[in-house]
Amino acid sequence: MKRYLAIRVAVMPLLLLGIASIVFIVSRLTPANPLVSIVGERNLTNPTIVAAAKARWGLDQSIPVQYAKYMKNLLHGDLGTSFTTRRPVLSDLWDRLPATLELTTAALCIGVLFGVGLGVLAARHRNTLIDHVARFFALLGSSLPAFWAGLLVLYIFYSRLGWLPGPGRLDPRATEPGRITGFFTVDTLLHGDLKSFKAALLHLILPASVLGWGVVGIVSRLVRASLLDEFSMEYIKVARAMGLRERTIVNTHALRNALLPTITIVAFTFAFLLTGAVLTEKIFSWPGVGNYAVEASRKLDFPAIIGVTILGGVAFLVTNLIADVIYAIADPRIRLS
Amino acid sequence: MTVAGRQRNDEPILHVEDLRVTFRTAAGPAPAVRGVSFDVYPGEALAIVGESGSGKSVTMLAILGLLSGASVTGSARFRGTELIGLEPSRLREIRGANVSMIFQDPMTSLNPVLSIGRQLTMVMRAHQPDLSRSGARARAVELLDRVAISQAARRCDSYPHELSGGMRQRVMIAMAISNDPEVLIADEPTTALDVTVQAQMMELLADLRRDHQLALVLITHDLGVVAGATDRIAVMYAGKVVEYGSVEALFADPGHPYTRGLLECLPRLDIRHEVQASIAGVPATPMSLPPGCPFSPRCKYAQPSCSEAEPVLAPHGQTLVACSVLTGVAGSR
């Protein structure tokens with residue numbers, strides 16, 4: 001297993017270089033001109049400014065030369081400088097990543113917890129009202145656009161009922177806790193600031209629920225389907241013949257097996273949410289990576305686009321590896337080698 | 001009373017009377033078991049023999065309440081307690097504790113992701129809530145040892161895929177006897193195993209019967225397995241018992257043409273076979289029951305009257321036979 005992990009980790013940089021190369025080439029092949037966002041539309045007709053900008057950002061060189069330079073910098077851990085924020089892409093991502101990580105982790109916890117619960121409930125009461133309600137709820141979660149669901153819950157729980165705070169990670173006038181992990185819920189606790197912890201937690205509930213609702217949809221349907229598969233297995237019949245309680249049969253026997261395919265899906269979902277939580281981040285003014293990615297694409301901010309893509313690649317590779325390890329632990333038949 | 005080759009006054013531990021099982025299918029009701037009666041006495045072994053689809057497994061599954069989507073009528077009493085229609089929670093307490101069942105395929109009968117020790121202790125703790133974790137574990141090792149699994153303590157932490165088919169079936173048997181049941185139902189316990197392992201398995205079951213006064217109901221399609229291992233036989237065809245009697249009587253003087261056919265199918269060492277014998281025709285299915293005697297379309301001795309009424313069990317020689325040609329007893333319906 002150790003050897004297997006070592007190889008998997010060793011291959012990662014190569015894969016990332018491949019990803020970076022593809023995104024670099026694709027971005028350079030787009031017909032649109034990034035100079036618009038660098039110098040502004042008005043200055044496009046001014047050859048001096050355009051030439052200066054091109055030289056400043058290295059866009060006057062041939063694409064192979066640009067590629068070679070980018071790769072050389074990348075190997076030194078330099079993702080380049082954003083056209084729009086004028087800051088190193090790495091710092092931009094470093095600043096935004098914790099917000100997104102905190103949001104997606106919370107969303108994933110909600111999604112898995114409620115998704116598994118709902119899936120078990122639906123499977124145990126298949127083709128009854130409970131099953132139909134669960135299906136409807138899951139369908140809503142995966143098909144309602146986040147901007148709609150987000151606005152809906154903000155309207156209900158923030159404007160009307162006032163139970164939960166509005167957008168943002170903290171109240172507008174509150175000061176951010178000093179960064180330790182970047183997770184506000186963790187950092188406030190580490191600073192011993194319970195009041196801010198409560199605020200951070202309350203701010204997290206709505207966006208995490210909106211994002212997690214979609215995960216509930218995916219997970220609950222998957223758990224229901226694989227549980228029903230397991231119910232038809234011979235070992236379930238045997239467990240019944242041995243007089244085990246129905247609860248034990250479902251929770252210990254069937255669920256253990258049914259959760260195996262869920263591991264992979266949850267890992268994928270997590271990686272996907274890291275860069276794909278755009279709409280939710282937008283609605284809740286969440287200063288995360290998703291927002292950054294959209295801005296970067298809109299402005300053809302090449303370094304930022306590639307940076308976000310590499311981050312997404314890392315997320316997929318790492319979560320997949322973690323999923324494989326968990327899988328190997330959960331299923332004794334699988335040996336990593 | 002000598003009916004069905006049995007002479008005793010004690011009460012049967014399992015008394016089944018006129019059991020009927022009908023599955024609801026898209027093509028209409030399918031009567032899989034059509035009025036089966038038999039008794040199992042403490043410590044004895046009864047074989048239920050028949051081809052696939054004859055209703056032998058369904059009969060036993062119905063008794064334990066393990067069929068879903070089927071209507072079950074008739075009576076099955078365990079020590080006087082009626083099992084048909086019994087509350088699911090009461091039935092659960094009997095299953096695995098008083099009446100246990102093992103199945104054909106040891107490869108799929110165990111949960112692949114739980115260690116066999118865990119699965120054994122779960123079965124014990126389901127019926128003995130006071131049993132401690134360590135107590136159950138010690139008992140699991142003891143049971144694995146009892147079913148002749150070497151290095152039982154180590155095997156306890158093994159997962160099913162690390163064991164051979166024969167070992168898995170031994171684990172199944174260990175599970176089934178873990179709560180000291182009085183009746184063990186074995187549904188084709190050796191069918192999926194190698195021939196050499198089959199013999200060991202039957203030996204183990206015989207040992208357990210002797211040591212634990214366990215009554216055994218052996219479901220099989222193989223009369224060869226039955227001969228040395230059981231006391232009495234019920235031969236089933238198309239959801240009914242067509243012959244019922246002691247092993248000696250049935251092997252020495254089989255009555256029903258179907259039983260004779262089954263016995264002729266047994267390979268013998270003293271006769272040179274050119275072609276393995278078989279019974280002509282296809283077995284009747286619940287959805288296509290012929291009129292009258294369900295075996296008549298395949299029967300060498302069939303008379304025109306056979307397709308008029310379905311024969312009932314009546315004495316013939318030393319056994320009970322459902323054949324109106326042999327017994328002269330007119331059928332029903």
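Reader: How many helices and strands does chain B have?

Author: In this predicted model, the secondary structure of chain B amounts to 11 helices and 12 strands. Chain B has a radius of gyration of 21 Å, close to the 20 Å that the globule rule gives for 333 residues, so chain B is as compact as a globular protein of that length. Along the principal axes, its C-alpha atoms fill a box of roughly 65 × 50 × 45 Å.

Reader: What are the helix and strand counts of chain A?

Author: Chain A has 14 helices and 0 strands. The box filled by the C-alpha atoms of chain A is roughly 85 × 55 × 40 Å along the principal axes.

Reader: How far apart are the end C-alpha atoms of helix H11 of chain A?

Author: They are only 40 Å apart. H11 covers residues 246-276, which is 31 residues, and a straight helix would reach 45 Å at 1.5 Å a residue.

Reader: Where is the kink in H11(A) centred?

Author: The kink is centred on A:Leu255 and is about 50 degrees.

Reader: At what angle do the axes of H5 and H13 of chain A cross?

Author: The axes of H5 (residues 89-124) and H13 (residues 289-298) of chain A cross at roughly 140 degrees and come within 8 Å. That angle makes H5(A) oblique to H13(A), because only angles over 145 count as roughly antiparallel.

Reader: Which residues of the two helices meet?

Author: First, the general idea. An α-helix has 3.6 residues a turn, so residues three or four places apart point the same way. In this case, H5(A) brings A:Val89, A:Asp92, A:Leu93, A:Arg96, A:Leu97 and A:Thr100. Their partners in H13(A) are A:Val289, A:Gly290 and A:Tyr292. By class, this contact of H5(A) with H13(A) has 5 nonpolar, 2 polar and 2 charged residues.

Methods
Residues are numbered from 1 along each chain as its sequence is written. Chains are lettered from A and ligands numbered from 1 in the order in which they are written. This is a predicted model: local features need pLDDT of at least 70, side-chain atom pairs count only at pLDDT 80 or more; totals for chains, interfaces and linings use all residues. Side-chain values use heavy atoms; hydrogens and water are left out. Axes are lines fitted to C-alpha atoms, for helices over the stretch in contact, and angles run from 0 to 180 degrees between N-to-C directions. Helices (H or I, at least four residues) and strands (E, at least two) are DSSP runs, numbered from the N terminus. Angles under 35 degrees count as roughly parallel, over 145 as roughly antiparallel, 65 to 115 as roughly perpendicular and the rest as oblique. Contact means heavy atoms within 4.5 Å. Ala, Val, Leu, Ile, Met, Phe, Trp, Tyr, Cys and Pro count as nonpolar, Asp, Glu, Lys and Arg as charged, and the others, Gly among them, as polar. The expected span of a helix is 1.5 Å times one less than its number of residues. The bend at a residue is the angle between axes fitted to the seven residues ending there and the seven starting there. The radius of gyration is taken over C-alpha atoms; the globule rule is 2.2 Å times the number of residues to the power 0.38.
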